[in-house]
Amino acid sequence: MSTLIKIAGAPISWGVCEVPGWGYQLDPERVLTEMRDTGLTATELGPEGFLPTDTAELQSVLARHGLACVGGFVPVVLHDADHDPAEDLAGPLDSLVAAGAGVVVLAAATGSDGYDSRPVLDDAQWSLLLSNLDRLAEIVSARGLLAVLHPHVGTMVETRADVDRVLAGSTIPLCLDTGHLLIGGTDPLELAKAVPGRIAHTHLKDVDAALAAKVQSGELSYTDAVKAGMYTPLGTGDVDIAGIVSVLRDNGFDGWFVMEQDTILDGAPAGDGPVADVRASVAFLNSVTA
């Protein structure tokens with residue numbers, strides 16, 4: 001088994017997020033510089049507006065920091081008969097193509113801001129969601145990229161029942177996000193063992209299971225749990241990151257391991273700030289794949 005794996009960063013590990021009021025937003029120059037200084041060679045794009053939308057500018061910014069673009073997170077509403085998600089995909093897809101990305105990370109958005117609540121869908125809405133997933137995957141494939149679905153807290157695909165419905169009702173591969181799956185009630189290691197052939201991309205998060213349980217029970221909102229430190233540096237929480245990486249690699253996974261510890265900043269960080277946790281996560285991941 002090759003010891004070489006593809007490790008990427010994500011701006012959310014520096015607190016950069018599309019949710020209004022999420023917290024203090026660091027500037028791209030600091031984030032990309034610190035990302036490269038930790039030894040990462042690639043990044044996801046982050047929320048719309050974080051990096052330039054102009055193709056030449058985007059390519060220049062990434063090249064200046066020695067970073068390739070892996071892909072980007074694109075939340076789209078898939079269950080509303082009056083809404084065409086292909087329109088929401090068009091702009092981000094153009095940016096990802098221009099940046100030389102390989103992956104479009106779709107999420108089944110609720111249609112409202114944030115990730116603290118979600119509606120219940122009827123069978124017709126579920127049917128539309130699943131058919132839209134396959135349709136968007138075809139649109140993305142026609143542009144030379146791969147679409148994956150990201151089960152995500154506060155979206156329409158959150159629980160294990162939701163994940164199973166997607167696995168059975170569509171052909172789209174998954175983004176295995178170890179944190180969101182755990183919080184949504186899915187054991188990410190068990191899922192990696194059960195359907196390794198459906199996993200084409202990963203977001204690696206370690207999780208404080210006690211805080212995750214409070215989100216599941218409704219005692220804490222997702223946002224408040226993130227503020228409280230629910231996501232920890234890799235190797236310090238309750239997710240078997242090493243086991244998941246091993247299972248995927250043993251099954252021929254050759255996609256990206258994107259390190260994503262969502263964080264919320266109260267203000268401009270003193271000292272190292274978020275990069276300290278990223279550095280620790282990089283060191284852990286390198287140690288388990290050496």
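**Reading helices, contacts and burial**

Tutor: Start with G9, in the loop between β1 (6–8) and α1 (28–37). Helices (H or I, at least four residues) and strands (E, at least two) are DSSP runs numbered from the N terminus. The model is predicted, so local features need pLDDT of at least 70 and side-chain atom pairs count only at pLDDT 80 or more, while totals for chains, interfaces and linings use all residues. Residues are numbered from 1 along each chain as its sequence is written, and side-chain values use heavy atoms, with hydrogens and water left out.

Student: Does G9 count as buried or exposed?

Tutor: Burial is read from relative accessible area: buried is under 20%, exposed is over 50%, and partly exposed is in between (1.4 Å probe, protein chains only). G9 has 2% relative accessibility and therefore counts as buried.

Student: Which residues does G9 touch, not counting residues up to four places away in sequence?

Tutor: A contact is a pair with heavy atoms within 4.5 Å. On that basis G9 touches M35, L40, A42, T43 and E44, and also V258 and M259. For a distance in space, take I199: the C-alpha atoms of G9 and I199 are 19 Å apart, and the two are 190 residues apart in sequence.

Student: Where is S221 found, and how does S221 count in accessibility?

Tutor: S221 is found in the loop between α8 (209–217) and α9 (222–227). Its relative accessibility is 24%, so S221 counts as partly exposed. Leaving aside neighbours within four places in sequence, S221 is in contact with D116 and V215. S221 and S117 are 104 residues apart in sequence, yet their C-alpha atoms are 8.6 Å apart in space.

Student: How do α4 and α5 pack?

Tutor: An axis is a line fitted to C-alpha atoms, for helices over the stretch in contact, and angles run from 0 to 180 degrees between N-to-C directions. The axes of helix α4 (residues 123–142) and helix α5 (residues 160–169) are 10 Å apart, and the helices pack at an angle of about 55°. Under 35 degrees counts as roughly parallel, over 145 as roughly antiparallel, 65 to 115 as roughly perpendicular, and the rest as oblique. α4 and α5 are therefore oblique to each other.

Student: What is the handedness of the crossing where α4 passes α5, and which residues meet?

Tutor: A crossing is right-handed if the near helix is turned clockwise from the far one by less than a right angle, and left-handed if anticlockwise. α4 passes α5 in a right-handed crossing. From α4, D123, W126, L130, L133 and D134 meet D162, R165, V166 and G169 of α5. The residues of this contact divide into 4 nonpolar, 1 polar and 4 charged. Here Ala, Val, Leu, Ile, Met, Phe, Trp, Tyr, Cys and Pro count as nonpolar, Asp, Glu, Lys and Arg as charged, and the others, Gly among them, as polar.

Student: Is D162 buried or exposed?

Tutor: D162, found in helix α5, counts as buried because its relative accessibility is 9%. Beyond neighbours within four places in sequence, D162 is in contact with R118, W126, M156 and V157.

Student: How do the axes of α10 and α11 cross?

Tutor: The axes of helix α10 (residues 241–250) and helix α11 (residues 275–289) come within 10 Å and cross at roughly 50°. α10 and α11 are therefore oblique to each other, and their crossing is right-handed. I241, A242, V245 and R249 of α10 make the contact with F284, L285, V288 and T289 of α11.
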